[in-house]
Amino acid sequence: MNPVIDDSRRRFLKGLGLASGGLIAGIPLTGCASTALPNEQTGDIQPNALLQITRDNQINFYLPRTEMGQGVYTGLTTILAEELDIAPEKINVINVGDHPDYNNPEYGLQVTGGSNSIRVHFKPLRQLAANMRLVIRQAASRVTQEPIENISTENGNVVIAGKYLPYGDFAEVASQLEFPENATLTPKSNFKYIGKLNQRLDAKAKSTGTAQFGLDIEFDGLHRAALKRCPQFGGTVKSFDGSKAKDMPGVKSVVAIHNGVAVVAEHYYQAKAALQKLEIKWNLPETLSAFSSNSTAKGNGQNLFKEALDLGDYDNAHEEGDGLEALQKSDNVIEADYWAPYLAHATMEPMNCTAKFNGDKLEIWTSTQNPQVAKNIAAFYGDVSKDDVTVHGCFIGGGFGRRTVSDYVAEAVAIAKAAGVPVQLVWSREDDTQHDYYRPASMARFKIGVSNEGMIDSWNVTRSGPNIMPYTIDEVADAMMPGFLPNGMVDWISKAGYGLFDGWTVDPASVEGLFEDYDAPHKNVDHVTVDPGLPLGFWRSVGHSYSGFFKESMMDEIAIKQKVDPIEFRLKHLNNNPRLANVLKQAAEKAGWNKNLANGHYHGVAVHTSFQSYVAEIAEVSVENNQIKIHKVTCAVDCGLAVNPDIVRDQMESGIIFGLTTALHGEITLKDGAVEQSNFHNYPILRINETPDIEVLIVDSDESPSGVGEPGLPPIAAAVGNAIFAATGKRLRSLPLKLS
């Protein structure tokens with residue numbers, strides 16, 4: 001048996017840390033830091049890289065995670081503010097560059113992703129702030145000779161005998177004291193800010209245009225660049241003629257880099273226009289160039305995934321009880337295949353990176369979820385020491401996992417180096433749609449054994465499709481391997497993942513969410529790798545994004561065939577998952593399940609656990625002339641303690657809308673290895689007129705906070721599909737959902 005571990009990225013990144021000779025290390029959030037602290041000033045109190053109180057009473061929070069709309073800018077500050085006893089808006093939040101002290105404690109790298117920012121920082125940040133407040137009180141006691149028992153705090157002030165003195169007055173003395181480690185934390189009943197409605201701290205800057213995103217970078221001498229890449233991923237330049245492009249207005253130079261030919265100009269649209277004048281011959285990748293999504297040929301298109309399931313050469317990912325053998329004893333077996341296509345991220349802020357060389361020094365400004373990998377890739381492509389690269393942090397205009405990859409950083413640095421001037425590389429929407437790191441296409445085959453009493457006794461599912469991890473290893477290994485290793489060895493390590501996850505072990509992200517939620521005495525999950533070669537990356541909710549649709553549609557099929565209400569059927573199989581059962585009950589009650597709806601309206605339900613949060617969604621749908629209209633979605637979420645309820649609600653709504661795009665429109669297809677879609681006209685996102693009313697219930701909980709950025713997405717496509725079945729009797733087993 002090869003058990004699947006829930007948090008695939010944590011396991012991988014920790015493993016990679018060991019493989020790279022301990023280059024990456026987790027950093028404590030309280031007490032002493034490992035190295036010289038960034039931003040440290042004599043006389044300030046700064047116990048670690050995250051929190052600093054200056055002598056002039058500036059309270060600085062160096063934000064270790066990247067704000068990309070998910071709310072960490074406000075959420076993490078709220079946690080800190082609660083124990084520091086100061087209003088969140090009085091804390092100065094600073095976007096940081098890269099530094100090992102800002103590592104994600106769970107990943108060992110400075111990564112923002114996996115919906116874990118609040119979860120992993122909740123207790124450490126609280127303790128850090130509580131310790132800081134205690135040492136300020138200790139310093140006040142020393143300065144005033146007042147017993148510490150007589151010293152309290154209020155909104156950033158020390159209070160002594162009715163006098164209010166700002167924390168900063170005691171920063172220098174506090175910096176000379178031993179920093180406490182275990183100050184008493186505030187009980188939930190006394191919370192002033194956690195769990196309350198607080199305005200987003202980044203709202204004003206974003207609404208007034210003063211927030212700095214990567215695309216906002218500007219300085220004297222900066223040029224803009226656009227890049228022509230091979231239509232097929234992996235293709236390289238065989239030869240090119242850039243003479244016509246060089247004659248275009250504003251063009252400064254035309255340079256070839258590792259994956260294409262770039263035009264550098266005074267302005268972006270000059271560079272983009274000049275790209276059309278380039279004449280390039282490509283070396284094409286053999287495997288991917290032969291793949292077309294709509295091909296009906298043997299061993300091509302969607303057939304490739306189905307043929308792999310038919311062949312039966314699987315890797316086992318999970319087994320419980322008697323596994324697959326139990327299926328032979330089942331009274332009834334229900335089978336079905338499901339399909340989900342490749343998807344692009346389509347972030348609103350275009351991919352971009354600004355690179356500037358100053359001798360052997362290199363500065364980059366970029367919107368990234370992964371500053372350390374960005375730094376190391378910049379060093380690799382800039383041929384400078386990693387220590388000579390400075391990364392400037394920026395807000396991100398939409399990540400969804402896309403900006404964990406640093407291909408655009410590599411390109412910007414390579415262009416700047418070749419052109420000899422500072423450049424800002426900007427991707428067009430067409431670049432982004434056709435050169436993404438995509439959500440993998442997947443097919444799942446279910447064989448479910450059901451007893452004569454109507455209970456699932458054997459749960460079996462096999463997934464076919466490509467794996468994300470090999471592509472991640474390919475990029476990260478090049479960036480993170482020690483410089484003394486020979487290039488040949490680094491290249492071997494970077495490519496090792498492709499074989500490792502095809503025949504040796506199963507990428508957990510490939511099968512996550514397919515089997516965990518429901519009770520069944522016997523389970524078996526298999527996997528078979530099918531990979532045409534399109535690059536893959538983490539996409540919002542990762543494997544859960546398709547497994548939620550597969551699993552919950554299948555559960556609906558089984559319930560219908562058992563002639564049991566879909567909610568009742570689910571509850572019968574959730575005895576070991578009470579939190580999921582609870583959100584299901586709450587959503588059903590709020591939505592009015594089995595109560596009268598408007599004429600022609602039907603309900604569909606789905607539930608899913610991901611990122612340690614529990615979500616139930618009920619979609620109200622009508623179908624007219626084969627057109628699907630979603631009127632309302634009722635969502636219940638148990639994400640533990642909701643630090644910022646408004647942000648939790650926002651994230652659920654955002655995940656549902658993102659998932660409805662997938663359910664109704666999302667599909668990336670290839671022809672001869674090239675992506676066919678190019679912009680929002682043929683890769684649409686959900687429009688306002690298609691967006692339903694969304695009602696979100698947040699379960700009151702004393703449990704520690706869990707993820708909210710991604711868990712709203714996985715159930716929604718199934719909820720809609722199940723409602724369509726209720727309306728039409730047609731079971732849609734492929735995404736996007738289409739009736740004609």
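## A loop residue with positive phi

Lys563 lies in the loop between α16 and α17, the latter covering residues 566-572. In this predicted model, phi of Lys563 is near 55°, which is a positive value in a residue other than glycine. With a relative accessibility of 79%, above the cut-off of 50%, Lys563 therefore counts as exposed.

A second residue of this kind is Asp672, whose phi is positive at about 50° although the residue is not a glycine. Asp672 is placed in the loop between β24 (670-671) and β25 (674-675), and because its relative accessibility is 42%, Asp672 counts as partly exposed. As background, most residues other than glycine have a negative phi, and most peptide bonds are trans.

The peptide bond that joins Leu735 and Pro736 is cis, with an omega of about -5°. Pro736 itself is found in the segment that comes after helix α20.

## Helices α16 and α20

Helix α16, made of residues 544-561, packs with helix α20, made of residues 716-728, at an angle of about 30°, and their axes are 8 Å apart. Since angles under 35 degrees count as roughly parallel, α16 and α20 are therefore roughly parallel to each other. The crossing of α16 and α20 is right-handed.

On the side of α16, the residues that take part are Gly548, Phe549, Glu552, Ser553, Asp556 and Ile560, and they meet Ala717, Ala718, Asn722 and Phe725 in α20. Sorted by class, the contact of α16 with α20 holds five nonpolar, three polar and two charged residues.

## Helices α13 and α14

Helix α13 (residues 469-480) and helix α14 (residues 487-504) also have axes 8 Å apart, but here the packing angle is about 170°. An angle over 145 degrees counts as roughly antiparallel, and α13 is therefore roughly antiparallel to α14.

In this pair, Met469, Pro470, Tyr471, Ile473, Asp474, Ala477 and Asp478 of α13 meet Val490, Ile493, Ser494, Lys495, Gly497, Tyr498 and Phe501 of α14. The residues of this contact divide into nine nonpolar, two polar and three charged.

The axes of helix α10 (residues 371-382) and helix α11 (residues 407-419) come within 8 Å and cross at roughly 30°, which makes α10 roughly parallel to α11. The crossing of α10 and α11 is right-handed. Ala374, Ile377, Ala378, Tyr381 and Gly382 in α10 meet Val409, Ala410, Val413, Ala414 and Lys417 in α11, and by class this contact has eight nonpolar residues, one polar residue and one charged residue.

Helix α11 is also the place of Tyr408, a residue that counts as buried because its relative accessible area is 0%. When neighbours within four places in sequence are left aside, Tyr408 is in contact with Met351, Asn352, Cys353, Thr366, Ser367, Thr368, Arg402, Arg403, Leu425 and Trp427.

## Nonpolar cores

In soluble globular proteins, nonpolar side chains tend to be buried together. The largest nonpolar core of this model has 77 residues, of which Phe446, Trp459, Phe550, Ile558 and Val720 touch the most other members. Not counting residues up to four places away in sequence, Val720 touches Ala619, Val621, Ile628, Ile630, Leu660 and Leu737.

## Asp331 in its loop

Asp331 is located in the loop between β12 (315-320) and β13 (332-340), and with a relative accessible area of 42% Asp331 is therefore partly exposed. Apart from its neighbours within four places in sequence, Asp331 is in contact with Val450, Ser451 and Asn452. Asn682 lies 351 residues from Asp331 along the chain, and the C-alpha atoms of Asp331 and Asn682 are separated by 46 Å.

Conventions. Residues numbered from 1 in each chain as written. Predicted model: local features only at pLDDT ≥ 70, side-chain atom pairs only at ≥ 80, totals over all residues. Heavy atoms only, no water. Axes fitted to C-alpha atoms, helices over the stretch in contact; angles between N-to-C directions. Helix = DSSP H or I, 4+ residues; strand = E, 2+ residues; numbered from the N terminus. Parallel < 35°, antiparallel > 145°, perpendicular 65-115°, else oblique. Left-handed = near helix turned anticlockwise from the far one by under 90°. Contact = heavy atoms within 4.5 Å. Nonpolar A, V, L, I, M, F, W, Y, C, P; charged D, E, K, R; others polar. Core = buried A, V, L, I, M, F, W, Y, C linked by side-chain atoms within 4.5 Å. Buried < 20%, exposed > 50% of the residue type's maximum accessible area, 1.4 Å probe, protein only.
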